[in-house]
Amino acid sequence: MPLGGIIFITVFIAVFGTSLIYLARWTGGRAKRTSNAKMEIYECGIPELEKKDTKISVKFYLTAILFILFDIEIIFMYPWAVHFKEFIAAGAGPFVFISMGVFLAIFIFGLWWEIKSKALEWD
Amino acid sequence: MIDMGSAPLEITINFIKTILVFLTMVQLVPILVWVERRGSAFIQNRFGPNRVGPLGLVQLLADAVKFLTKEDFVPDKGNKFLFYAAPVFALIPAAIAYMAIPMSTPLIVGDSKFLIQGFEINVGIVFILGISSLAAYTILMAGWGSGSKFSLM
């Protein structure tokens, strides 16, 4: 990894962007409070109903965590699939195949348990 | 520094090159915005920007002057730091992804090899995909910073 280049450009952009923001403030000036409605947040012109950090149903987090779990599983399968032919050539084909079978069985059990405990149902 | 070359001259040139590639990317912005606006206008049987300069090419320059003279505004309920930081942060993943694109074959001068790109990376396409997906968080940051549920969505 060319870490030096990445760190350098990150710092450079931070300085560059911050100076642009300050340039815009210098040339444009701060916003004047001509009325209270001007400084309100815009929600299609109607008065805001709830705060921004309103309560969100926990079901969204559950769905997100389950998605990440089954998404990351795919990442383990890519290198396995890429090197599978080399394992066959080395004579370790059945062992590697059964290993992936056990891995997938655990995940399919997880999916079955998920469905059974009604984690995938919304209500 | 890590992976920036061995000789002092090489390191200096690599740092200058990094800035140059970034400035190249910034120079691309007006022309790409022009292509997008004018192109979509022609697709929809409109004219698009055609007043400022030949074919409206200087339109973005005029827009930049206009943006600079607008007053500096943060909503009362917004998160001030996030609201200001989001555009700065949005540049970072874009620039890092752009740096990984090779522009030409390496230039060899004497013993030194100069790459015509920001930095060389082993699996560039995966790196670009991964870094550009980080850009979503900066958009989320801008929405959260404004304090408005509509912007956050």
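**Group meeting: a two-chain predicted model**

Chain B has a mean pLDDT of 84, and 96% of its residues score at least 70. Within chain B, the element with the lowest mean pLDDT is strand E2, residues 112-114, at 73, while H3(B) has the highest, at 90. For the complex, the predictor reports an ipTM of 0.81 and a pTM of 0.72.

Let me take chain A next. Chain A contains 3 helices and 0 strands, and along the sequence the pattern is α-α-α. Its radius of gyration is 27 Å, whereas the globule rule gives 14 Å for 123 residues, so chain A is more spread out than a compact globule. Along the principal axes, the C-alpha atoms of chain A fill a box of roughly 75 × 50 × 15 Å. How many of the 123 residues of chain A count as buried? The share is 4%.

Now the interface. On the chain B side, 36 residues are in contact with 29 residues of chain A. Which elements of chain B give two or more residues to that side? They are helix H1 (8-43), helix H2 (59-69), H3 and helix H6 (149-152). H3(B) provides the largest share, 8 residues. By class, the side of chain B that touches chain A has 22 nonpolar, 6 polar and 8 charged residues.

H3(B) also has a partner within its own chain. In general, a pair of packed helices is described by the angle between the axes and the distance between them. Here the pair is helix H3, residues 80-99 of chain B, and helix H5, residues 135-146 of chain B; their axes come within 8 Å and cross at roughly 170°. Angles over 145 degrees count as roughly antiparallel, and therefore H3(B) is roughly antiparallel to H5(B). From H3(B), the residues making the contact are B:Leu82, B:Phe83, B:Ala86, B:Phe89, B:Ala90, B:Pro93 and B:Ala94. H5(B) contributes B:Ala135, B:Thr138, B:Met141, B:Ala142, B:Trp144, B:Gly145 and B:Ser146. That contact has 11 nonpolar residues, 3 polar ones and no charged ones.

To close on H3(B): this helix has the highest mean pLDDT among the elements of chain B, gives the largest share of the side that touches chain A, and runs roughly antiparallel to H5(B).

Definitions and conventions:
Residues numbered from 1 in each chain as written. Chains lettered and ligands numbered in written order. Predicted model: local features only at pLDDT ≥ 70, side-chain atom pairs only at ≥ 80, totals over all residues. Axes fitted to C-alpha atoms, helices over the stretch in contact; angles between N-to-C directions. Helix = DSSP H or I, 4+ residues; strand = E, 2+ residues; numbered from the N terminus. Parallel < 35°, antiparallel > 145°, perpendicular 65-115°, else oblique. Contact = placed C-beta atoms within 7 Å. Nonpolar A, V, L, I, M, F, W, Y, C, P; charged D, E, K, R; others polar. pLDDT = per-residue confidence, 0-100. Rg over C-alpha atoms; globule rule 2.2 N^0.38 Å. Buried ≥ 20, exposed ≤ 12 C-beta atoms within 10 Å, placed from the backbone.
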